[in-house]
Structure formats: structure tokens, C-alpha cells
Protein chains: 2
Amino acid sequence: MAQVIADRRDVDFVLHEQLIVDGLSKHPKYAEFGKKTIDMIVSEARNLAIKEILPTFREGDEQGCRFDNGQVSVPESFKRAYDLFVEGEWLAMPEDPAYGGQGMPRTVALAAGDYFNGANCAFMMYPGLTHGAALLVEAFGTERQKKRFLKNMFTGKWTGTMLLTEPEAGSDVGNLSTSAKKNPDGTYSITGSKIFISAGEHDMVENIVHPVLARIEGAPAGTRGISLFLVPKYRVADDGSLGEFNDVVCTGIEHKMGINGNATCSLTLGGKGNCVGELLGEENKGMRAMFLMMNEARLLVGMQGFCCASASYMNAVNYARERVQGKNLLQMMDPDAPSVPIIQHPDVRRMLISMKAYVEGMRSLLYYAGFLTDRIAVSDDEAEKARLQGMIDILIPICKGYVTDRAFDVCSTGVQVYGGYGFIREYPQEQLLRDCRITMIYEGTNGIQAMDLLGRKLGMNKGKPIMDLMGEIQKTLAQAKAIDELADFAARLEKALNRLAEVAMHLGATAMSPKVMNAFAFAHPFMEAAGDVVMAWMLLWRAVIAATQLEKGAKKKDQHFYEGQIKSAHYFTQAVLPVTMGKMDAIMTTCTAAVEISEDAFGGK
Amino acid sequence: MAQVIADRRDVDFVLHEQLIVDGLSKHPKYAEFGKKTIDMIVSEARNLAIKEILPTFREGDEQGCRFDNGQVSVPESFKRAYDLFVEGEWLAMPEDPAYGGQGMPRTVALAAGDYFNGANCAFMMYPGLTHGAALLVEAFGTERQKKRFLKNMFTGKWTGTMLLTEPEAGSDVGNLSTSAKKNPDGTYSITGSKIFISAGEHDMVENIVHPVLARIEGAPAGTRGISLFLVPKYRVADDGSLGEFNDVVCTGIEHKMGINGNATCSLTLGGKGNCVGELLGEENKGMRAMFLMMNEARLLVGMQGFCCASASYMNAVNYARERVQGKNLLQMMDPDAPSVPIIQHPDVRRMLISMKAYVEGMRSLLYYAGFLTDRIAVSDDEAEKARLQGMIDILIPICKGYVTDRAFDVCSTGVQVYGGYGFIREYPQEQLLRDCRITMIYEGTNGIQAMDLLGRKLGMNKGKPIMDLMGEIQKTLAQAKAIDELADFAARLEKALNRLAEVAMHLGATAMSPKVMNAFAFAHPFMEAAGDVVMAWMLLWRAVIAATQLEKGAKKKDQHFYEGQIKSAHYFTQAVLPVTMGKMDAIMTTCTAAVEISEDAFGGK
């Protein structure tokens, strides 16, 4: 039977053959998570996703959220799905069991999330944001705060959000104007308005916990004067019971291109002078707190985009096998030739193999980023931990920026494979494309990801993280070169990797020179090139494993899968990397037109 | 004041400085269309588009079309806009005045259409399809058919459609099963079901004329047995008066990703055995008739996609000038530096100049294709006419396939410039992206355009058309090389052009070999590369004119515009053409993975 959402064989491959996640179980922290347990978790997640969450996908989009006088109702079907999701204890998979988490490796949580997000990413934002908000409480909360909030959030009894954006402060967070005034009892009175607040108000749970960025009266301007507060919808007493309404009022919801099942709210805090917040962490250290959580949040947005792409690919390949249209090209001249499934047409194959290669490469990359976190968690070696953290830091903008750019492309290709049906709401492809589009924007636009990669990550620690990453790629290259079938692919990746090093040096130097604007006009192309190289690495790594298994003599069913792995690497290194080389040539040219053109010359006046 | 939809200065530049369209007025056919008249036409089109059509853009999307028991109602605001449009006699601008047309050059009609389509392309499908259907009547109709139908269609009193697609016959038209049975009076009884019929049923006019592809009983299978029929919704008497309902029943409309103001209908013909069609043209020559109209239809779909991109660019540049967010990168370290309009940020400038270059290049290309038709119309030289027609034939798949691919990318970038607001329905960007997406699919998917370019057009007439096109590009190169400022850009285009010739030879030869499947797996990348080269040509051509004008000493206001022309060529040749070179390297590698991978290896089973 055709699979949906994500290819289980591929999920298992990354977990057990590429990353060998059950190796973590050697460490006491993850002792319970052997292969069998991991497989059971993924199977259960997959069942829940297919049976209970996927059916909410289209209804969630069609019904959307409704706003009525400050109240927001989610699509009908979301309530049951949410209850099942939290009953299954899926919300805080990798977190501390003492607070309601499951203590599992993050990589396993990502594999489960692969199915959940692919089933309905708009739905998954409710538990996803709750998880993120709870992590802030866990990392920066006092014992009292943890006691009152954490378990209720990790178990999904209450949901969470993140109140950051204001009308004049989107990408420029430092410009926000929500204010906090200290009260005699140590709490703060919060006043301000926030927009674009995902899951900001809804009717699925009894309380919503808002971490809020605000400026304490008299604090410095810019990011240095921003503090983080916990602002619940209903106040929370010491025993965790709910008190009075905390003057957090939803003034409206956005009508959007996609993720319509998620309520994107405008919230007014303290409109009646009655909104009380508790400082979370230290005064004026709000941005630092946000930054610490940012890697996690950005990885999850990457997952969200990727999962749309994965689902789109599964749909496309299933459709292409079944949809009969036109003759096989080799029989075009034979009037009696039968019509064939469109998977036989070369242009459809091109689209499918492109989708396949990107989906596989992105899955490996995202799980790998999660796996690096797990390896830090089980390591006692500080130098190794720093090395792994450095690689995470440099990969995160790629996991968010590059992955969501490419995920959107994959979703568009997924529409194209369906032809006219791709444009019709009855089929899932157009919704996946619409849902996916937001991931390029929120949690730091992809332009900001690119600036982060070039401006902060590349030069971080004198370039050690990028060198470490390149070192890892070299290891795969050495293995691949030893396998005849992969030697050409490895040579192409090596060439691209060496060129990337040149490009990084060039752009890094330009960014430190008076031509800094020019360098940053190529930040996004640089992220694309770096991402392509990382994709090629992931696919070649997969191909090394596959070739080794085929050499050993794999089962028939596995043979197809492994063959497919080699073909993905084949396609990507021969059909995509030459384009990457061209992108890098363009960066080396460092055309000045974008920077030098006068504002008037853009026209339109 | 900020311009909307399309940059008038740029429209005028293509008309009067690049193509010099008023030169056509030397010929008696277009004697009335001097510069002043052309400018007046464009101004009137622009006024109508901005004042009356643009206001229907969002309402058309939100209200959509409604289906009720066979009846379809269009969005409320469309009726007034349609009436004004046909009162203004805009429907058949380039057609014969004897039948209600305005007899103007097609290039001028395209310039007017630039505003109309950019204002609301879903609305424009009603007159656009009417125009296309009427052209079939004009080209293949008997005098009696022309007398009864043509003027009523060209004047917009009745609208038209095109009934081609069936559930099992989309891209594979030859597989259709709608049948026609000859009646004793020479008419045909039509029976069948059609889907995806744009403007197939609506409440704006009293009659709808459907050209229908169907198979006469006993006709050969495949495309060789298809005939074209005229099937009106209400039968039409000799005097043009309407008779009985012709048993064309709308059974439903599609809910779509975009172009929601246009009714996409399922139609059942002859469900009660009472649908009468008249043969249009000869028996079994329906496909030939379609092919003759295809260039026109594909050019218009290219326009439709392009106009979404043009509008998205205008919005983006206006927004980037007004939206204040973040500091200038050069002042990032100064805590007191003011926030600036985002047009100052290098990544925003990269997005804007990319949008600008593509929009300008696409505008020039599309108008140029129209202008070639006009030149044929005023030429008496058969060899020259054939040369021009060859260039049209080779450019059409680029005008449709390449342009709509790139237009969608531009629209996505236009969303990105807006940040979070780009995803919100209150702003136009997300709708332009949604509306644009269909243009990659209908009127022959872009995969089919690519196959047409590689499989039919490239080798047509022993490759003369592509050689002629390259000859035209060489002319521009010779001019550009003589201008110091453009010499580097010209050298880059020349290199790309020479490489394109190699790639075309290679792929053409591969397509004739047993490796034909491999060649066609690179049909789409080839279309991309060819399109990039044509874009670069158009932009360099523009830059030659601009540099010449600047040399002569242009007015201050024009200086900015001309500077912008040179910057577009600068950007495209230095930042995009290197990527094109990479794409061509990939084609030369002709990776076999897409063709060789087994169906099972695609996974998902």
C-alpha cells in the first residue's frame, strides 16, 4: 500500500543506518531507547498522525479559525486531535520526565515529528509553541515558576506562545515598545500590543502562557533593554490553580495564505491596566534568553517546512504511479501504444528525483542537527561538546533558511506533478505549498538566516565551526572515494567543498572590508551554496551506506531502497552541484549592482 | 506618487525606445498608430485598470464564484468592470475593425494588457478566453459562422471558452472521448464531459460560445481523429438571435488555490441528448486548428504570469521604500542610529534588483514576441516573414514556460520583501503568488513547453530558427561590446550564448539517439538555460539604449531610469549568468539518474 506523509523506510534509514541513534542507549541517560523502543515510538507517532491528525489537514484549512468578540475557536476537528496528542504524551518527547517529558533523544522526537508535522503543520503549532515556551520556563524559570507552569505545559494542559513581534518591530526586535513597570510585590505591569502571535488565543485548553518580550521602564534602548516575562492568560496561584483574567485580550486574527488552522492573533496586554507579568530570567537579558532558544525554534521551523515537502513528495510519487496520461516517449510514434503512468515520462522523473533528493537530504540534515544535540547530552568531553555545538550553530541557519527555501520549491514541484489537479483544493498539494510558504518568513526571515550564517556563524571562533563541519564532510568523501561507483560523485562534492572554502574566505574578507554591503548582498546566495554542499554531503553519506549494503548483498526490497539512495546522490552531484558551482562563481564575481543602484533607479515612482 | 501594477516608464521604454513600435505606422495597416495614439491607448488602459479593475482584485478572490444548481455567479464587482471593459472596446484590440476589433498592433495590445492583467488576471480570463475563442471562429469559421458569432464575441456581448480537457485527457489531449454524431442537417450532436473549463459558465452575459474538441463517430484514435466544434450555450439563429438552451450544463466549479474570481467549470454536453454543435473548420483537423491558435494562447498565459510578477515588484519596491525596520548595516554598531526603510538593506536590495531584472527582461521578451507578429503583418517579404515566424515559434515555449516559472519565483520574492505581511490576505502579495501559480500548469504544463522547445522547435527547419535568434542576439552583442561600460556584460552573454549553442547541439543529438529519454530529462533545464540567455539579451539590449541615451545627456528623471537599466544588465550578467553557465554544465553532464532509477526505488510503497 502506498505510504503517506513520510517514507518509513527512509525515516528508519536515517535513524538506524545513517546516524545509528540507538547507539545513544549506551549512555545511562538514554538507556531505555534501544532500536526496538525507537521503532515502537515512530510507529505509534505514525499511526496517530495518519489516523487522527491527517484527517484534520483539509478541514483545518477550510474552516480556519474564527474570531468572535475576543474569543477564538479552532477548527472543530482539532480538539479531538489535540486531546489524543497530549494523552499520548507527545508534546515534550525529549524533555525531563520529572516535569512531564519523555526523556527521549531529540533525534527520535524529530522522527516522530516528521509524521506529526507532515500530517498537519498548522495543528502542530499549538503543541510546538507550547513546547518552546515551556523550554524558556525550564531554562530561565525560578523553582516556583517551574512548579506552577512547567508540567502543565509539557503535558499540554496549558499551551504556550511567544510574544515578540509588534507592528513596528518584526525583524528588528530591538525596536519593540511593549513596556513593563515594576510593582511593589515584584511582579510587573505589562502594557503593549503584539501581532502575528501564533496560537495566541484559542478554545482548546483552559490557560495560555505567554512569554513576552518587553522593556522595563527606564531600560536602555535597543536589544540591550529587553526583558522576558511570563504572562499567563489567567493568573496562576501557588498551587497551580487559575485566578483572574490577566487582561490579555485578543483583538483579532489574521486571514492568511496558509496554516489557516492556526490562530494568528493580535493581542493587547494591559489595555485595562490589569496585566501582570513575572520576570523570566534576569532584567534586560530577554534577548539572550531568546537566542538560547533560537536554535531549537529554528530547527523546528525547518522541520515544519521540510515536512510539507516530504508529504508533497509522497503524494507526488503515489500520484505519478497511478495517473495514466500519454504514451511512453519511446513508443510515441506507435499509434497503438498504450497510455502509461506519468512516472514513465522523463520530465516527471526529473521532478520526482529532484523532490526525492532534496527530501532525503533535508531529512538527514535536520535529524543530524538534532543528533548533534543528543551527542552533546551524552558527552563528558568539553572540547567535543564545544565542537558539536559549533557545528549546530553553523548548521541552524541552513536548517531553517536553506531548508525552507528548498522545501517551498519541492512543494511547488509537487503541485506541478499533479498538473491541473495540483491547483485544486480537493487535493493536498496546493495546501502544502501554502502552508509551507510561511516557514521562509517567521522565526527570522530567510534573509536574516543568511546574514546570521555569513555575519555571525562563519567567523565564529575564528572559523573553527565551519572547519569542523568541512572536516566531517571530508570523512564521508574519504569513504566514498574508496567505492568505485561513488568516486565521480565524491570528486564533484570535493570540488564543490573546496570552492565553498574559497567562497567563504572571500566573502568573509569582503564582509570585514569597506565593501561589507556587497558581501551581505551575497549572504543569501552563500547560504544557498553552503546548503547545496551540505545536501550533497548528506546524500553521499547515504550512498556510502547503501553501496556498502548492496555490496554485502541486501534483501530484494532493500535493494530498491539502496539503489534509490545511490541515484539520489548521482542526481544531486551531477545535475545540481554544477549549478552550485555556478552560484559560487557568481558569488566570487560579487556583482555590485544591488548595492550601487540608486533608490530612484528601482523605478515605480 | 507611487505607481502600481506596472512601471509606466518601463512600458513606454519597451514600446518606444526598445521596439520603436510606432515605426509600424509607416505601413498603411497601422497608419493610425503613431506614438501619440499609442500613448493615449496605454494611458486609457492604465486608468481603467487602476480605477475599475484593480478594486475587483481582492474581492474577486475572497468572494470567488458561486455555484448553485447549474448557475454560476461571478464576484459582484466583476459585472461593472466587465461592462466598462467591453464598452471601452478593449476585448479585441488587435483584431479586424469589421468585426468589432480595434485593428491596433499586437504589441500595443500587450502593453494595455500589461495593466489589465496586472490589475486582476482572474477577471481578465473572461475577455481573454473570449478573444481566443473568437480567433478560432475568425480563422476557421464559415462566413455564416463569422456573421453570427464573431462580432458578438469581439465586442464582448457574448463570451467564449475552450473545451479541451477531460478527466482522462489533460496533457494527453488525443485521448479525449467527447463524441460528435452527424445529424441530417449537417450539424452534430455532441456528447461528453469536460473539466477545468475556465469561464465555462457565469452570469455576466447572455450567451457563451464553446469551441469544443470532440471525436466524430468512427474517426481515428488519437489526435488525428479530433475535430473542432462550435457549441453555444444558447443556439444562435441566422439573424444572431438566441434560441433554445443547447444542453450545456455546468455540473460544478472547482475550488482552487488562486484565480478564484474565474469560474473553473465542469460541463456536461448533451446529457439530455440535445446538444448541437457546428463543425468549425474541417473534420479531424481540430488539433491543427488548436495548434495554430496555440502561440497566441501561450503568449497570453506568459503575460498573465508576468503581470502578476510585475505587480508584485511594484508593490515590493513601494513597500520597501516605506517600511522602516532595522538600522543601516553601515551604522549597525551605533546605538543611536535611526531605523531606516528596508530598501537600504543589502538582502532586500538583492531581492528587489532580482525582481526588477526579471520583470524588465520578461516584459521586453513578451512584447518582442508580439512585435514579431506585427512585423509579419506589415511585411511583404515571404522569407523575412518565415524568419520572423520561426523566431516566434522558438520563443513561445520560453514566453510561456520560462516566463511563468520565473514569474512565480518573482511573486514569491515579492512575498518575502513584505515579511510577515506578505503572508496576510490583507496585502496583495500572497494572492499574486497564488494567482500566478496556475500559469505554470495550464495551456500546456511547463514540462510540455520544455519538450516542445527541445523536441519540436530546436530542430525545426534544420535549426534555422534558433540560428536566426542567435543572430539577433549577436547584433546586440556587437553594439554592447562597443560601449566600455557594457563590455564585460557583453562578454559574459557571448560566453553563455556560445555555450548554449553547444548545449543545444549536444541535447539535440542526444534526443536523436537511443538516449532520447536522457535528453528529455534535461528538456526543462535546457528551457531554463535558453530563457536565461534570452533574458540577458533583452537586458543588454535595454542597457545599450540606456548607455547611449546617458552618453547623449538625458534628463535627470530619465537618468535614474537609464541607470537602472544598466544595473539590471549588470546584475543579470554577473550574478545570474554564472549560475546559467552552471546549469549548462549540468546539462552537458546529462546525468542518467532520473531515467535509470527504477520505479520502486522512488520509495513510498
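**View 1. Burial and length of helix H16(A) in the predicted model.** Of the 30 residues in H16(A), 25 are buried, and the helix is mostly covered. The structure shown here and in the other views is a predicted model. H16 of chain A runs over residues 523-552. From its first C-alpha to its last, H16(A) reaches 44 Å, close to the 44 Å expected at 1.5 Å a residue. Gly553(A), just after the helix, takes a positive phi of about 95°.

**View 2. An aromatic cluster in chain A.** Over all chains, the structure holds 39 aromatic pairs. Ring pairs join six side chains of chain A into a cluster: Phe78(A), Phe85(A), Trp90(A), Phe116(A), Phe123(A) and Tyr126(A).

**View 3. The ring pair of Tyr421(B) and Tyr427(B).** Among the 39 aromatic pairs over all chains is one formed by these two tyrosines of chain B. The ring centres of Tyr421(B) and Tyr427(B) are 5.3 Å apart; their planes stand at 65°, so the pair is edge-to-face, since angles over 60 degrees are classed that way. Tyr421(B) counts as buried because its relative accessibility is 13%, under the 20% limit. Tyr427(B), with a relative accessible area of 27%, is partly exposed.

**View 4. Arginine side chains over aromatic rings in chain B.** Arg406(B) lies over the face of Tyr402(B), and its distance from the ring centre is 5.4 Å. Arg437(B) has its charged end over the ring of Phe408(B), at 5.4 Å from the centre of that ring.

Notes: Residues are numbered from 1 along each chain as its sequence is written. Chains are lettered from A and ligands numbered from 1 in the order in which they are written. This is a predicted model: local features need pLDDT of at least 70, side-chain atom pairs count only at pLDDT 80 or more; totals for chains, interfaces and linings use all residues. Side-chain values use heavy atoms; hydrogens and water are left out. Helices (H or I, at least four residues) and strands (E, at least two) are DSSP runs, numbered from the N terminus. The expected span of a helix is 1.5 Å times one less than its number of residues. Buried means under 20% relative accessible area, exposed over 50%, partly exposed in between (1.4 Å probe, protein chains only). Rings of Phe, Tyr and Trp (its six-membered ring) pair if their centres lie within 6.5 Å; planes under 30 degrees apart count as stacked, over 60 as edge-to-face and the rest as tilted. A charge sits over a ring if NZ of Lys or CZ of Arg is within 6 Å of the ring centre and within 35 degrees of the ring normal.
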